[in-house]
Amino acid sequence: MKASELLETIKENIRYYPIEYLKNKVADDRYKDPLTKKLAEYNSNAYDDIYETVIIDDFDINDKVVKKIREDIAFYFDKYGGGEDEHKIFAENISLYLALIAKKPLHPYGENKKDEVYYSNGSYYCRGRIKYIHDEKSLCRYCVCKNVGFMDLF
(Lines give C-alpha, C1' and ligand atoms only; values in the text may rest on other atoms or scores of the structure.)
Protein backbone atom coordinates (compact mmCIF):
# COMPACT_ATOMS: atom_id res chain seq x y z
CA MET A 1 0.00 0.00 0.00
CA LYS A 2 1.03 3.59 -0.43
CA ALA A 3 1.91 5.70 2.61
CA SER A 4 -0.86 8.13 1.65
CA GLU A 5 -3.41 5.30 1.78
CA LEU A 6 -2.20 4.20 5.21
CA LEU A 7 -2.32 7.79 6.45
CA GLU A 8 -5.95 8.14 5.33
CA THR A 9 -6.82 4.84 7.03
CA ILE A 10 -5.14 6.02 10.24
CA LYS A 11 -7.07 9.31 10.13
CA GLU A 12 -10.33 7.45 9.72
CA ASN A 13 -9.52 4.96 12.49
CA ILE A 14 -8.77 7.62 15.12
CA ARG A 15 -11.30 10.22 14.02
CA TYR A 16 -13.56 9.67 17.04
CA TYR A 17 -10.88 9.10 19.66
CA PRO A 18 -11.46 11.45 22.65
CA ILE A 19 -8.18 13.31 22.10
CA GLU A 20 -9.14 16.15 24.45
CA TYR A 21 -9.00 13.66 27.32
CA LEU A 22 -5.40 12.83 26.41
CA LYS A 23 -4.44 16.48 25.92
CA ASN A 24 -5.98 17.42 29.28
CA LYS A 25 -3.99 14.66 31.00
CA VAL A 26 -0.83 16.69 30.44
CA ALA A 27 -2.00 19.51 32.73
CA ASP A 28 -4.23 17.48 35.07
CA ASP A 29 -2.79 17.41 38.60
CA ARG A 30 -4.42 14.03 39.27
CA TYR A 31 -1.73 12.45 37.10
CA LYS A 32 1.46 12.69 39.14
CA ASP A 33 3.72 10.44 37.06
CA PRO A 34 5.85 12.61 34.74
CA LEU A 35 6.20 9.71 32.28
CA THR A 36 2.41 9.46 31.96
CA LYS A 37 2.25 13.17 31.21
CA LYS A 38 5.13 13.00 28.74
CA LEU A 39 3.54 10.07 26.90
CA ALA A 40 0.16 11.82 26.79
CA GLU A 41 1.80 14.92 25.33
CA TYR A 42 3.84 12.91 22.79
CA ASN A 43 0.82 10.93 21.61
CA SER A 44 -1.48 13.95 21.43
CA ASN A 45 1.17 15.80 19.40
CA ALA A 46 1.43 12.77 17.10
CA TYR A 47 -2.36 12.87 16.72
CA ASP A 48 -2.15 16.51 15.63
CA ASP A 49 0.73 15.69 13.27
CA ILE A 50 -1.35 12.98 11.61
CA TYR A 51 -4.00 15.48 10.58
CA GLU A 52 -1.38 18.04 9.48
CA THR A 53 0.69 15.58 7.43
CA VAL A 54 0.52 15.77 3.67
CA ILE A 55 2.59 13.19 1.83
CA ILE A 56 4.22 14.79 -1.20
CA ASP A 57 6.61 12.03 -2.22
CA ASP A 58 4.45 8.96 -1.72
CA PHE A 59 6.19 5.68 -0.96
CA ASP A 60 5.30 2.03 -0.61
CA ILE A 61 4.72 0.38 2.75
CA ASN A 62 4.69 -3.39 2.92
CA ASP A 63 1.17 -4.61 3.77
CA LYS A 64 2.64 -7.52 5.72
CA VAL A 65 4.51 -5.13 8.01
CA VAL A 66 1.31 -3.18 8.70
CA LYS A 67 -0.52 -6.42 9.46
CA LYS A 68 2.30 -7.64 11.71
CA ILE A 69 2.38 -4.40 13.72
CA ARG A 70 -1.39 -4.60 14.21
CA GLU A 71 -1.07 -8.23 15.38
CA ASP A 72 1.79 -7.44 17.75
CA ILE A 73 -0.11 -4.56 19.34
CA ALA A 74 -3.18 -6.80 19.71
CA PHE A 75 -0.95 -9.36 21.45
CA TYR A 76 0.36 -6.70 23.83
CA PHE A 77 -3.14 -5.47 24.72
CA ASP A 78 -4.44 -9.02 25.14
CA LYS A 79 -1.50 -9.98 27.38
CA TYR A 80 -1.27 -6.85 29.52
CA GLY A 81 -4.89 -5.72 29.44
CA GLY A 82 -4.46 -2.31 27.90
CA GLY A 83 -7.99 -1.11 28.53
CA GLU A 84 -10.79 -0.32 26.13
CA ASP A 85 -10.77 -1.08 22.43
CA GLU A 86 -10.62 2.61 21.55
CA HIS A 87 -7.27 2.88 23.34
CA LYS A 88 -5.95 -0.17 21.50
CA ILE A 89 -7.08 1.26 18.17
CA PHE A 90 -5.49 4.59 19.04
CA ALA A 91 -2.17 3.00 20.12
CA GLU A 92 -2.12 0.81 17.02
CA ASN A 93 -2.67 3.71 14.64
CA ILE A 94 -0.30 6.11 16.41
CA SER A 95 2.36 3.38 16.29
CA LEU A 96 1.79 2.78 12.58
CA TYR A 97 2.09 6.50 11.92
CA LEU A 98 5.22 7.00 14.01
CA ALA A 99 7.05 3.89 12.77
CA LEU A 100 6.12 3.84 9.10
CA ILE A 101 5.25 7.39 8.06
CA ALA A 102 6.84 9.89 10.47
CA LYS A 103 9.86 7.63 11.12
CA LYS A 104 9.98 8.69 14.76
CA PRO A 105 10.38 6.69 17.98
CA LEU A 106 7.36 4.97 19.47
CA HIS A 107 8.18 6.64 22.81
CA PRO A 108 8.77 10.27 23.73
CA TYR A 109 12.34 11.39 23.22
CA GLY A 110 14.57 14.22 24.30
CA GLU A 111 17.79 15.86 23.17
CA ASN A 112 19.75 14.87 26.29
CA LYS A 113 21.82 11.69 26.06
CA LYS A 114 20.74 10.89 29.62
CA ASP A 115 17.11 10.47 28.43
CA GLU A 116 15.81 6.94 27.92
CA VAL A 117 15.14 7.79 24.26
CA TYR A 118 17.03 10.65 22.68
CA TYR A 119 17.88 12.33 19.39
CA SER A 120 21.53 13.00 18.56
CA ASN A 121 23.44 13.69 15.33
CA GLY A 122 20.48 12.90 13.06
CA SER A 123 19.51 9.59 14.71
CA TYR A 124 17.25 8.39 17.50
CA TYR A 125 18.64 6.16 20.25
CA CYS A 126 16.94 4.05 22.91
CA ARG A 127 18.62 2.75 26.06
CA GLY A 128 16.10 -0.07 26.50
CA ARG A 129 15.96 -1.30 22.93
CA ILE A 130 18.81 -3.79 23.28
CA LYS A 131 16.92 -5.45 26.14
CA TYR A 132 13.30 -5.19 25.00
CA ILE A 133 13.77 -6.10 21.35
CA HIS A 134 13.99 -9.74 22.42
CA ASP A 135 10.58 -9.70 24.13
CA GLU A 136 7.86 -11.68 22.45
CA LYS A 137 6.17 -9.56 19.74
CA SER A 138 8.31 -6.54 20.68
CA LEU A 139 7.43 -3.32 18.89
CA CYS A 140 11.10 -2.37 19.12
CA ARG A 141 11.51 -4.30 15.87
CA TYR A 142 9.59 -1.55 14.08
CA CYS A 143 10.97 1.49 15.91
CA VAL A 144 13.49 3.76 14.18
CA CYS A 145 15.67 3.95 17.29
CA LYS A 146 19.15 2.55 17.32
CA ASN A 147 20.75 0.79 20.25
CA VAL A 148 22.81 3.00 22.52
CA GLY A 149 26.53 2.33 22.19
CA PHE A 150 28.54 1.09 25.15
CA MET A 151 30.17 4.46 25.81
CA ASP A 152 26.77 6.22 25.95
CA LEU A 153 25.38 3.85 28.58
CA PHE A 154 27.21 5.67 31.35
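# Exercises on contacts and burial

Leaving aside residues up to four places away in sequence, S120 touches K113 and Y125, where contact means heavy atoms within 4.5 Å. The model is predicted, so local features need pLDDT of at least 70 and side-chain atom pairs count only at pLDDT 80 or more, while totals for chains, interfaces and linings use all residues. Residues are numbered from 1 along each chain as its sequence is written, and side-chain values use heavy atoms, with hydrogens and water left out.

## Exercise 1

Task: state where S120 lies and decide whether S120 is buried or exposed.

Solution. 
- Step 1. Helices (H or I, at least four residues) and strands (E, at least two) are DSSP runs, numbered from the N terminus. S120 is placed in strand β1.
- Step 2. Buried means under 20% relative accessible area, exposed over 50%, and partly exposed in between (1.4 Å probe, protein chains only).
- Step 3. The relative accessible area of S120 is 13%, so S120 is buried.

## Exercise 2

Task: classify the aromatic pair of Y42 and Y109, and say which parts of the chain the pair ties together.

Solution. 
- Step 1. Rings of Phe, Tyr and Trp (its six-membered ring) pair if their centres lie within 6.5 Å; planes under 30 degrees apart count as stacked, over 60 as edge-to-face and the rest as tilted.
- Step 2. A search of the whole structure finds eight aromatic pairs. In the pair of Y42 and Y109, the distance is 6.0 Å centre to centre and the angle between the planes is 85°, which is edge-to-face.
- Step 3. Y42 lies in helix α3 (residues 34–52) and Y109 in the loop between α5 (85–102) and β1 (117–120), so the pair ties together parts 67 residues apart in sequence.
- Step 4. Y42 is buried because its relative accessibility is 13%; Y109 is partly exposed because its value is 24%.

## Exercise 3

Task: classify the pair of Y76 and F77, then compare the accessibility of the two residues.

Solution. 
- Step 1. The ring centres of Y76 and F77 are 5.9 Å apart and the planes are at 75°, so this pair is edge-to-face.
- Step 2. Y76, with a relative accessible area of 43%, is partly exposed.
- Step 3. F77, at 13% relative accessibility, is buried.

Elsewhere, one aromatic cluster is formed by Y17, Y47, Y51 and F90.

## Exercise 4

Task: for the salt bridges D28 to R30, D49 to K104 and R70 to E92, give the distance and the accessibility of each partner.

Solution. 
- Step 1. A salt bridge is a side-chain nitrogen of Lys or Arg within 4 Å of a carboxyl oxygen of Asp or Glu. The structure holds ten salt bridges.
- Step 2. D28 and R30 meet at 2.6 Å, N to O. D28 is buried at 18% relative accessibility, whereas R30 is exposed at 68%.
- Step 3. In the bridge of D49 with K104, the closest N and O atoms are 4.0 Å apart. This pair links distant parts of the chain, with D49 in helix α3 and K104 in the loop between α5 and β1, 55 residues apart. D49 is partly exposed at 26%, and K104 is partly exposed at 25%.
- Step 4. In the bridge of R70 with E92, the closest N and O atoms are 2.4 Å apart. R70 in helix α4 (residues 63–80) and E92 in helix α5 are 22 residues apart, and the pair links distant parts of the chain. R70 is partly exposed at 21%, and E92 is buried at 9%.

## Exercise 5

Task: check the span of helix α4 and list its buried residues.

Solution. 
- Step 1. The expected span of a helix is 1.5 Å times one less than its number of residues.
- Step 2. V66, I69, D72, I73, A74 and F77 are buried in α4. Their cover includes α1 (3–14) and α5.

## Exercise 6

Task: describe the phi angle, location and accessibility of K137.

Solution. 
- Step 1. Most residues other than glycine have a negative phi.
- Step 2. K137 is not a glycine, yet its phi is positive, about 60°.
- Step 3. K137 lies in the loop between α6 (129–132) and β3 (146–147), and K137 is partly exposed at 31% relative accessibility.
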